[in-house]
Amino acid sequence: MLTFIGLGLYDERSITVEGRDALADADRAFAEFYTSHLVGATVEDLSDAHGIDVEVRDRAGVEQHPEEILDAAEDEDVAFLTAGDTMISTTHVDLRLRAIERGIETRVVHGVTAQTAASGLTGLQNYRFGKAVTLPFPYAHGADGVPQSVVDSIEANRERGLHTVVYLDIKADRGEYMTADVAAEMLAEDWQDVLGVAVARAGSPDPTVAADRLSALAERDFGDPLHLLVVPGDLHHLESDALATLGGAPADALAENER
């Protein structure tokens, strides 16, 4: 069997009870942390907490050369671990389909996602989010500023009154994590006075939520990663109250988004 397990958002304790039990039953455990990372736990912390050696694979080792994972799952119970939810944002559908083609039984144990945590922490209603985007480091896409595809997606959501989750680039192998102030500065080139919401360390004991104009968020320090940004669309009065209370949003910035 190959069991895909989402580890949640922060450390070795963020896994669900179902995920913990599935990991305890596994003979081997593989993991990838190239798209997201548990900033509150090392691989050794995971191994020690769950009593199993966690074998980390890079992107090529999962996407292009998954044979070792699949070979192991033909004869043993194998767990495949990712931060957040194993099938959200980063999907491993291809690996699951390859397993099924080889007659390997598969199972998915979900974990908490950054998007649902962002909704819960900010008070923005989950059903009013549009298409999410990822903001890459400029060097990662070979140009300065914000990619046009990101601009177009945010604008399309804003025209429909929908909120946008902006995932911030992670280069875990290089120890680089885009911060919300850097992202806000990049986005402010197109939307200087637009309301934004920074969310830092969702799922940790000390999450931060800050709502203000993007130009103002660009001047603030939100502490340790991981961070993300939300660009709100039209706001219900309860959402405005939540951003004011939970994120300190100024009244004049909120007024421009209220419907």
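Trainee: Which residues of H8 are buried?

Mentor: This is a predicted model, where local features need pLDDT of at least 70, side-chain atom pairs count only at pLDDT 80 or more, and totals for chains, interfaces and linings use all residues. Residues are numbered from 1 along each chain as its sequence is written, and side-chain values use heavy atoms, with hydrogens and water left out. Buried means under 20% relative accessible area, exposed over 50%, partly exposed in between (1.4 Å probe, protein chains only). In H8, the buried residues are Val150, Val151, Ser153, Ile154 and Asn157.

Trainee: Why do the buried residues of H8 line one face of the helix?

Mentor: Take the directions from the helix axis to the C-beta atoms; the arc is theirs. Down the axis of H8, the buried residues fall within an arc of 165 degrees, so they line one face.

Trainee: Which residues are exposed on the other side of H8?

Mentor: Exposed residues do occur on H8. On that other side they are Gln148 and Glu159.

Trainee: Which residue forms a salt bridge with Arg28?

Mentor: A salt bridge is a side-chain nitrogen of Lys or Arg within 4 Å of a carboxyl oxygen of Asp or Glu. For Arg28, the closest N and O atoms are 3.2 Å apart, and the partner is Glu68.

Trainee: How many residues apart in sequence are the parts tied together by Arg28 and Glu68?

Mentor: Arg28 lies in strand S2 (residues 28-31) and Glu68 in helix H4 (residues 67-75). Strands (E, at least two residues) and helices (H or I, at least four) are DSSP runs, numbered from the N terminus. The pair therefore ties together parts separated in sequence by 40 residues.
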